[in-house]
Amino acid sequence: MRRKILEKELARKGIISQAVKEVSKKENLEPEYVSRKVAEGKIVILKHKNKFLGIGEGLRTKVNANIGTSPDVCDINFEIEKLKTAEKYGTDTVMDLSIGGNIDEIRKKIIQKSNVPVGTVPIYQSAIESIEEKGGIVNMDEDKIFEVIEKHAKDGVSFATVHCGVNLKAVERLKKNPRKSLVVSRGGAFLIMWMVSNEKENPLYKNFDRLIEIARKYDLVLSLGDGLRPGGLIDSTDSSQIEELLTLGELTKYAWENDVQVIIEGPGHIPINEIETNVQLEKKICNGAPFYVLGPIVCDIAPGYDHITSAIGGAIASWKGADFLCYVTPSEHLSLPGIEEVAEGVISARIAAHVGDIGKGIKGAIEIDFLMDIARTQRRWEEEKKIAIDKEKFEKLRKKFPLKEKDVCTMCGKYCAIKLIEKYLGIKVVC
Ligand code: SF4
């Protein structure tokens, strides 16, 4: 069988692939630029059903929506509905984080039904099946971890979170510098339990070569997970988080030497004044690898509104150079999200991404706002709705109270400032 030519390898050899052509077209950029950045590792390309999505430097900031079952709420149709809701509101990717029910069946169905690239966290399945098969997560076979990763890749998963940076050194640092928020990454916690009980190194770190082999076989993008991300502002940017990031930086270089595409996850709960530093650290230590930020959640006192706390953090992170935002829903810290929370999560993250794109000068980003500005001045409501991120909400609120005059809204009615100025200054804004 002929060896699969990897996306990064093609770019490194200066070959403009179909994937690069498609990403360049969508992003309105030169293929040579995209290809160069893929070769440098600063852009990754996810593939899903012959469609391609670029994430990284100079590209529009992308948004991910997490879906998936839990042991308490497990309904595959509900998850598919969440997938379709996330797609409807414009998510760029979804991650299936299922930990309840038939995980294989759920993943396959999500991949089959999804129109966007799908990511997973395979360690969840390895850990949960080890409880059933061997009586506990701590009894998990090292081989099992890699077998599950390969199974996911074979099923068509585009990117996988792998917590390779949670190594013994990082655990030692965590013990010496105890945290108040402990560890909030599920994958990170599973691996630490296993490492401590077995007094062994994290297999994903120790046998990184084996992971590289799988990633090369399927051109799977590795999302190097942040198992030690702070779970509260009280632990932000602490030594355990930085220890893990240093390891991820080293692993990134090694992955690149093997033409494996990598994104870096981080940093969880971070106060607003530490976001820029965190983005700079990731970009410096990981040589510009795309940064996939979870949140960042910028305050801890707003449960029920964490889509807002994370959109604030996401907007700043994106402006400062983050490339990929993982949505946070209003259910964060409270429950599994439902349909409505998925919609709110995606919309909030998309707003954050767009705000960041305006800040970092992404081609075409601010121009959309200019179109809205003109449509608003001209009170072309249909045009405004077309441009709006959430068209349904636009429609709903526009019709909330009966309109006395059709070309204004019920905020100022006949005292519409724009209309008054149009009349008294005789200015008609045309585009
Ligand atoms: S009525 Fe007031 S809020 Fe509404 S379009 Fe006119 S100026 Fe804007």
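**Note on the predicted model**

1. Around the ligand sit Arg379, Val408, Cys409, Met411, Cys412, Cys416, Ala417 and Ile418 (C-beta atom, placed from the backbone, within 6 Å of the molecule). This shell has 7 nonpolar, no polar and 1 charged residues (Ala, Val, Leu, Ile, Met, Phe, Trp, Tyr, Cys and Pro count as nonpolar; Asp, Glu, Lys and Arg as charged; the others, Gly among them, as polar).

2. The model is predicted: local features need pLDDT of at least 70, side-chain atom pairs count only at pLDDT 80 or more, and totals for chains, interfaces and linings use all residues. Numbering starts from 1 along each chain as its sequence is written.

3. Helix 7 (residues 142-155) and helix 11 (residues 208-218) have axes that come within 10 Å and cross at roughly 10 degrees. The two helices are therefore roughly parallel (angles under 35 degrees). On helix 7 the contact uses Phe146, Ile149, Glu150, Ala153 and Lys154; on helix 11, Arg210, Leu211, Ile214 and Tyr218 (C-beta atoms, placed from the backbone, within 7 Å). By class, this contact has 6 nonpolar, no polar and 3 charged residues.

4. The largest nonpolar core has 105 residues (buried Ala, Val, Leu, Ile, Met, Phe, Trp, Tyr and Cys joined through C-beta atoms within 7 Å). Among those with the most contacts inside it are Ile263 and Val346. Helix 15 (residues 339-359) gives the largest share, 7 residues.

5. Val20 lies in helix 2 (residues 18-27) (helices are DSSP runs, H or I, of at least four residues, numbered from the N terminus). Val20 is buried, with 27 other C-beta atoms within 10 Å (the cut-off is 20 or more). Val20 and Val34 are 14 residues apart in sequence and 6.3 Å apart in space, C-alpha to C-alpha.

Key. Axes are lines fitted to C-alpha atoms, for helices over the stretch in contact, and angles run from 0 to 180 degrees between N-to-C directions. Angles under 35 degrees count as roughly parallel, over 145 as roughly antiparallel, 65 to 115 as roughly perpendicular and the rest as oblique. Two residues are in contact if their C-beta atoms, placed from the backbone, lie within 7 Å. A residue is buried if 20 or more other C-beta atoms lie within 10 Å of its own, exposed if 12 or fewer, and partly exposed in between; C-beta atoms are placed from the backbone.
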